[in-house]
Structure formats: C-alpha cells, structure tokens
Amino acid sequence: MTMKPKSIVVGSPNIGNQKRFLGRVRDILSSRWLSNNGRYVIEFEKRISEITGTEHCIAVCNATAGIQIAVQALELTGEVILPSYTFIATAHALQWQGLKPTFAEINPTTHNLSPEAAARAITSKTSAILGVHLWGRPCETEAIEALAQAHGLKVLYDAAHAFGCTHLGRPVGGFGSCEVFSFHATKFINSLEGGAVTTNDPKLAEKLRLIRNFGFTDYDRVEALGINAKMNEVCAAMGISNLESIEEIIAINRRNYDLYCEGLGGVGGVSVLPYDLTERNNFQYVVLEVEPDVCSKSRDEVVQALHEEGIIARKYFWPGCHRMAPYRNSHELPVTEVVAARVVVLPTGQAVSKKCIRRICGVIRQNCKSLTGRNT
Ligand code: T4K
C-alpha cells in the first residue's frame, strides 16, 4: 500500500538513545562477534529476565520462531486451542509445527480467549492451550491454567503485546510453561526484529536453547531437531538501547492514551478500550471500537476517513485467523467476527505528537455521531 509522505502510521517504531546504540554497533563490529549467543544477546536476555521476574530468557530472531521452538520444546501434538482473534503468526507457528490450530471464541469485553469456549474446544487430540494477551491486556490465566490442569494439557502464552505488563500484580513472562514476547519494529520495545521466550523451568530453558541453535550440544554433536532461531548482536544492541528508554516510552504511550480518551470522550458510537489501571500496562495499543447501529459511520468508513487524511489506522486483527485462506474451513466464530468488525487501532508511540492526536480525534469527531442520541 502507498502512503502519503506525511502519513501518521500505526506501528511507527520507538527509538531509544541513538548514540548509545551506534556505539554498541561499533563495538560489535570491532569485536567481530556478530551472532551465536554473543555478549549483547546475553545482556539483553538478562535484562528481560529482570523485568519479567523470570529465571530464564531465550532471545530469538522473532516471536513467530519463538512460538515454534516453544511448541517443539514442549513436545505438543495434535490440536492446540487458541483464539482466532490474534495476529496470523500465532496460528501459523502452530501449523508450521504440524499441529492443528483449534480456534475458540473470545470474551467480547476483554478480546481474549474465553476459558469457557476453550473448555468446549477440548478433544481427545488436544495437547495444549495457547492464550494470547491481546493489546497487552493479560488473559484469564487462572481459569485457563485450572482448565488445563483438569485435562492434563500444557499452557503457553503469546505475550507479543504484553512486555512490561503485569497481571494480578505479577509481571507477564512467568505464566504457564513459557511465554513468548515480540520485539518487532512495531512493538513498543523493539530490537529491529526479535523476540524472547521466558520460563521458570530450567529443563525447558535448556531445551529451548538447544532447539534455537540447530540442536548443537557441542562443536560436532547434535542432540535434537533444532532450527536457527537465534537473535543477532545488532538486534540485541537495539533491544538494550530501547530498554534503557522503557519508562520514557511507556510515559509517552500513557500520555497519548489519555489524550485519546479525553479527545474521544462523549463521541457518539465509539469508545476507547480501557486498561486495568491497577496493573502495570505498556499502553502500546490504542484500540477504538465503533459500535454498529449506534455510530453514524461504519468501522470501515471511519478507517477510510482517517486514511484520506493520511492517518493510517489499522483494522487489527480483522477478519480473524479462521477467515484467512489457510484456515478457512474452521467453524463459525460469531463473537470474534463481531469484535473484529468493530476495532480500529490508532497510531501512538514516540512519533505521534499531541497535535497529531488532536487532529486524529478531530477527524473521528467530525465523522461519528450517535444515531440513538446516547453517548457510548
Ligand atoms: N503474536 C502476536 C499477537 C503479534 O501481534 C505478532 C506480531 C506476533 C505474534 C509475531 O511477532 P513477530 O514474529 O513479528 O516478532 C505488524 C508486525 O510485522 C507484527 O510483528 C505485529 N505482530 C503486527 C501486529 O504488526 P503488519 O502485517 O501489520 O506489518 P506492516 O508491514 O503492515 O507494518 C505495520 C505498521 O508499522 C505500518 O503502519 C507501517 C509501520 N512500520 C513498520 C515497520 C516495520 C513503520 O512505521 N516502520 C517500520 O520499520 O504486522
């Protein structure tokens, strides 16, 4: 898709101290150690472990590969239950491992996997539940883990959106057997491309490290079916440099989120998805819901109006994985479809100024009126 030169886009990267990053890159070049568990990767892993309060962190080249090595290390078989309302990578990672993604409904309020729907999706072939902490809002880990325990299933989480967040006062990273973060350019902390698997299980951590590096246990010895899921040193240096700015980036995201809530308060037929302010949030997604039959414009018309103004808002994660070609024969998921048809993700992060947000809110205000006379 072509963009106007002055477009304001969802996913514009946050960038920490460039001087420190470039200093690290120079150091990497002069050391001639570019990848394969170098010192910057080790340091990045240490910092992630500290932030997530986990014993082990395995940095990877991206979260998709992270989920793949996690399901391989957990030796999952048959079917894995997950929500359809997620980025396609969650489903693809399973399918690439020869597993069948079984899509279950979400809770329309939280947008996360419904434990009741997950319970209904269990069959004799199910080996695990893969929860997704969508928008950085953690899913119902207690209910999911109780369900899994009752049926002898494993649990892992796609925490691509939830780095730096807490659930029940505990940092995301230590729930289930393991959790997988993304540090892609569009994530609030990026390592250019990258991800990490965190766990408190030392045996699982060892296996993940083995699989990440082709299964090598020594120079000439391969003990497992591995792959190349390693993070390189420049990516780790970018991750470390951005982590040094984590508080500043969260503060900007929070300011932007508050400005959107203020600017869109009382606009008919639209609402901004709330965060639980008793927990720590990264506020990296500003999610607008356009209520059909209440708002004078459809969700697609709102997106169109924004695009015409050079504001590249996104319809994440429409239409749901179960409606994408590789999974199209999956059954109907009416709740997922209703939610996926209402959501617009708005631009935020360092690149989005207060002025931009006022402009974006102005476009939405101009277009959206309540048809019922009630404000949402
Ligand atoms: N699980 C979940 C729940 C996820 O959301 C994701 C990734 C994953 C797993 C897998 O993580 P990774 O394997 O990627 O680590 C983007 C990202 O590529 C993807 O990482 C992310 N989720 C997803 C939500 O967003 P697209 O298809 O929307 O990418 P694209 O090219 O349309 O770019 C998104 C926006 O970001 C555009 O408005 C342009 C802007 N952008 C992008 C890049 C790369 C920039 O302004 N600068 C940049 O450098 O998937």
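The model is predicted, so local features need pLDDT of at least 70, side-chain atom pairs count only at pLDDT 80 or more, and totals for chains, interfaces and linings use all residues. Residues are numbered from 1 along each chain as its sequence is written, and side-chain values use heavy atoms, with hydrogens and water left out.

**The whole chain**

Start with the protein chain as a cartoon: it has 12 helices and 16 strands. These are DSSP runs, numbered from the N terminus (helices: H or I, at least four residues; strands: E, at least two). The C-alpha trace spans about 70 × 55 × 40 Å along its principal axes. The radius of gyration of the protein chain is 21 Å, which agrees with the value near 21 Å for a compact globule of 376 residues. That radius is taken over C-alpha atoms, and the globule rule is 2.2 Å times the number of residues to the power 0.38.

**The ligand and its shell**

- Ala 63: a backbone N or O atom lies 3.0 Å from an oxygen atom of the ligand.
- Lys 187: an N or O atom of the side chain is 2.9 Å from a nitrogen atom of the ligand.
- Arg 314: an N or O atom of the side chain is 2.8 Å from an oxygen atom of the ligand.

Most residues other than glycine have a negative phi, and most peptide bonds are trans. Select Asn 36, in the loop between α1 (18-31) and α2 (39-52). Asn 36 is not a glycine, yet its phi is positive, about 60 degrees.

Move to the loop between β15 (311-312) and α11 (334-340), where Phe 317 lies. The peptide bond from Tyr 316 to Phe 317 is cis, with omega near -10 degrees. Pro 319 is also in the loop between β15 and α11, and a cis peptide bond with omega about 5 degrees joins Trp 318 to Pro 319.

Conventions. A polar contact is a pair of N or O atoms within 3.5 Å; within protein, one must be able to donate a hydrogen and the other to accept it, and residues adjacent in sequence count only if both atoms are side-chain atoms.
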